Amino acid sequence: MSSSNLFNVTMIAYMVSTCIFFAMLASRNKAVGLAGTYAALFGFVVQTVAIGLRWKESYDQGHGHAPLSNLYESVVFFAWTIVLIFLVIDFKYKYRAIGFFVIPFALFGMAWAQLSLDAGIQPLVPALQSNWLVYHVITCFLGYAAFAVACGISIMYLLREKLEQNGGNSPAGGLLSMFPSMRMLDDLNYKAIMVGFPLLTLGIVTGAIWANYAWGTYWSWDPKETWSLIVWFVYAAFLHARITRGWVGRRAAILSIVGFAATIFCYLGVNLLLSGLHSYGG
Amino acid sequence: MTTNKRGLAQQLWDFFCSLRLTIFLLIGLALTSIIGTVIQQGPQREYLATLSETKIRLYSALGFFDMYHSWWFILLLYLLTLNLICCSIKRLPRVWKIVSEPVLVMDETFQKSLTNVKELKLRGAKPELKDKLTALLRAEFANPVLTERDGEYHLFAQKNPWCRLGVYVVHLSIIIIFIGALIGSFFGYKGYVNIPEGGSITQVAARGGNVVDLGYEVRCEKFSVSFYDTGAPKEFKSLLTVLEKGQPVPGYKDVPVIVNDPLTYKGITFYQSSYGPTDEGAKYRITVRDRKTGAPTKLEARQGERVALPGGAFLSVMEATQDVRPFMKEFDGPGAQVEFTPAGGKPQPFVILSEKYDSFNAQHGDDLIISFDGMDQKYFTGLQVAKDPGVLVVWLGCLLMVIGICMAFFMSHKRIWARISNDGVTVGGSASKNPAGFEMSFDELVQKLNKV
């Protein structure tokens with residue numbers, strides 16, 4: 001079995017998981033949600049094996065390296081980290097409805113990678129031949145994933161707020177019982193960002209150390225660096241907003257969504273739309 | 001008047017202490033930072049050609065072509081620094097007091113401010129209860145401090161009080177990083193240098209235009225590039241030797257420098273950055289045959305050098321390549337663009353290829369057939385050169401930032417008070433973070449205390 005087949009299985013598992021979470025919300029049946037979590041867990045395990053297998057395949061080709069070196073590998077790893085963070089939160093808090101707002105990010109990533117990205121294993125170009133690659137990519141993407149989860153939770157927050165304003169008598173009213181409370185959503189948003197922010201900080205720091213080691217400058221205002229700093233600024237604003245009156249709840253949720261939009265631009269937009277030093281697709 | 005003045009100072013102070021200013025500055029920095037990623041920084045001529053006159057004038061006036069060093073961006077950074085210093089000065093003393101002078105005694109009023117309070121069902125002699133509770137707190141939580149007041153015993157124990165300072169550690173770390181960056185910009189430089197194989201340099205052109213003396217000599221012994229089977233580059237390698245007064249420095253002879261593995265000598269670091277073929281020093285090998293006799297003559301030429309050919313003509317090689325395929329699809333092997341000047345004639349430019357294409361080569365050259373045997377290609381290595389005495393300060397700042405963030409986010413200052421009076425035993429607790437999690441561990445602790 002090749003890693004590529006396993007990644008297809010992963011994609012299908014995340015699709016099944018998304019459908020089950022949708023069915024849970026549609027049927028208002030919490031028990032169904034457990035199946036959604038199991039489907040996500042199954043996909044996660046398969047994906048973990050597949051990533052390991054891809055790593056081994058690169059060694060079989062004679063130029064072994066961690067599967068974190070191009071756009072395809074980074075998108076796959078991003079999906080993996082999103083599901084990892086989701087499973088941790090799900091295990092801790094058991095709010096299954098969050099799955100419907102988070103697993104689609106992972107599904108979208110896997111589908112994009114499998115259907116339209118070049119899955120070939122390429123040897124590492126000289127610039128990437130460093131142990132810092134692993135530290136830098138892992139910390140950045142775990143951070144990104146935490147922000148993805150926070151974004152999903154913030155969308156739930158805004159949706160719930162909207163539903164509550166419409167009153168509980170609309171057909172969607174019953175849906176509210178499936179959602180965590182507003183306070184809980186606000187708190188989970190904060191918690192996810194509290195995990196993501198230190199990881200992003202570590203990602204930027206490891207990137208700076210690596211840049212200094214490879215190019216002789218720890219900071220050169222390259223678009224990728226600048227956008228990572230923009231993301232950092234947005235979440236720093238979010239964290240300070242938490243202790244400022246009037247910035248909790250709705251505004252915090254909006255900041256979290258804006259932060260994730262900036263994250264996605266930092267990750268993909270910079271590589272696809274702007275030019276700079278960081279043209280590996282990671 | 002004085003009250004007005006004090007009022008103004010107070011207003012200014014309040015302004016710089018405000019968290020709203022922090023949020024405004026952070027979002028402002030985030031938004032303005034986008035500009036420099038969209039508009040080319042230090043723009044190339046090709047890029048400027050795509051912009052209209054008005055745009056160019058506007059962008060230069062606003063400093064958009066070097067946005068991150070423009071006065072207003074630097075001002076925003078200074079304002080943020082001032083803001084975080086003021087915020088820290090305002091809030092630190094209060095937090096410091098909580099850390100350094102903990103409330104040792106839980107009285108009635110203080111008790112009301114706590115969310116976690118439980119009465120224990122313990123009965124017994126006060127001194128004995130005090131000893132038992134002390135032992136249990138020490139084992140299960142932290143070593144308590146005992147205070148006796150009005151015949152009552154008060155116990156106080158705490159964990160991680162220092163984590164309350166995490167926020168200020170982060171603020172300090174940002175200032176340290178800025179200081180490191182300033183040290184680098186005042187006492188360091190970034191430069192770039194090309195060294196041909198066999199050549200050496202003692203100076204570097206720094207960014208900003210000045211020429212910096214290294215104080216020693218760096219020689220490029222050899223440059224090599226290797227490729228994977230796919231054609232992608234595998235390794236760029238320069239062998240560098242550091243020389244002082246013309247003599248190689250022990251341990252710095254033939255040092256391999258590759259991407260991600262630089263060479264540092266006396267605080268100056270050399271990074272493998274680029275490379276290219278250099279015509280300087282390249283030798284071209286040419287064979288000339290007489291059309292009638294076929295007698296070959298081997299010649300060597302440097303770029304642009306006029307070489308005398310048998311029969312009185314001259315030849316100079318303008319440029320050459322090891323592989324003509326990219327330029328001439330039907331041919332392969334080496335090729336050269338030459339200028340042939342017959343004796344007493346006008347110069348004729350044409351291309352010559354290797355011997356196997358002599359029918360091609362025979363189209364020119366009058367009495368001679370000139371073929372190109374190849375060249376001893378030399379490379380130059382392109383090195384980034386950097387001296388940054390502030391970099392260690394920046395790393396210190398980064399380390400502090402990570403530590404500070406972990407303190408602020410993942411550690412909680414937990415406090416437990418116990419009052420042992422004639423009415424019984426009351427326990428109170430509070431935590432700086434995660435109230436739900438603390439409530440559970442507090443209830444657990446109370447259960448254990450109830451069993452002593």
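**A first look around**

Reply: Happy to! Let's start with A:Glu225, which sits in helix α7 (residues 223-242) of chain A. Keep in mind that this is a predicted model.

Me: Okay, is A:Glu225 buried or exposed?

Reply: A:Glu225 counts as buried, because it has 24 C-beta neighbours inside 10 Å. The cut-off for buried is 20 or more.

Me: And which residues is A:Glu225 in contact with, leaving aside its neighbours within four places in sequence?

Reply: Those contacts are A:Trp219 and A:Ser220. There is also A:Val270, which is 45 residues apart from A:Glu225 along the chain, with 9.8 Å separating the two C-alpha atoms.

Me: Nice. Let's zoom out. What does the domain assignment of chain A give?

Reply: It gives domain 1 (1-124) and domain 2 (142-282). Taken over C-alpha atoms, the centres of domain 1 and domain 2 of chain A are separated by 20 Å.

Me: How many residues does each domain of chain A bring to the contact?

Reply: Domain 1 of chain A brings 21 residues, and domain 2 of chain A brings 20 residues. On the domain 1 side, α3 (71-93) and α4 (98-116) of chain A each supply at least two residues.

Me: Which element gives the largest share of that domain 1 side?

Reply: That is α3(A), with ten residues. By class, the side of domain 1 of chain A that touches domain 2 of chain A has 16 nonpolar, four polar and one charged residues.

Me: Now the two chains. How many residues does the contact take from chain B and from chain A?

Reply: Chain B gives 37 residues and chain A gives 36 residues. Several elements of chain B each supply at least two residues of its side: α2 (19-38), β7 (233-244), β11 (268-290), β17 (368-387) and α10 (391-410). The largest share of the chain B side, twelve residues, comes from α2(B).

Me: And what classes do the residues on that chain B side divide into?

Reply: On the side of chain B that touches chain A there are 24 nonpolar, nine polar and four charged residues.

Me: Switching to strands. Why is β18 of chain B largely enclosed by the rest of the structure?

Reply: Strand β18 (residues 414-421) of chain B is largely enclosed because seven of its eight residues are buried.

Me: Which strands pair with β18(B)?

Reply: Strand β3 (residues 152-159) of chain B pairs with β18(B) in the antiparallel sense over seven bridges. In that pairing, B:Tyr153 has B:Ile420 in β18(B) as its bridge partner. Strand β19 (residues 424-431) of chain B also pairs with β18(B), again in the antiparallel sense, over eight bridges. There, B:Arg419 has B:Thr426 in β19(B) as its bridge partner.

Me: What joins β18(B) to β19(B)?

Reply: A hairpin does, running through two residues.

Me: One last topic: what order do the strands have in the open sheet of four strands in chain B?

Reply: The order is β13-β14-β15-β16, with antiparallel pairing. β13 (307-308) and β16 (348-353) of chain B stand at the edges with a single partner strand each, so one side of each has no neighbour in the sheet.

Me: How many bridges link β13(B) and β14 of chain B?

Reply: Two bridges, in the antiparallel sense, between β13(B) and strand β14 (residues 314-321) of chain B. If you want a spot to look at, B:Val307 stands opposite B:Leu315 in β14(B).

Methods. Residues numbered from 1 in each chain as written. Chains lettered and ligands numbered in written order. Predicted model: local features only at pLDDT ≥ 70, side-chain atom pairs only at ≥ 80, totals over all residues. Buried ≥ 20, exposed ≤ 12 C-beta atoms within 10 Å, placed from the backbone. Pairing = 2+ DSSP bridges. Domains from an automatic or database assignment. Contact = placed C-beta atoms within 7 Å. Nonpolar A, V, L, I, M, F, W, Y, C, P; charged D, E, K, R; others polar.
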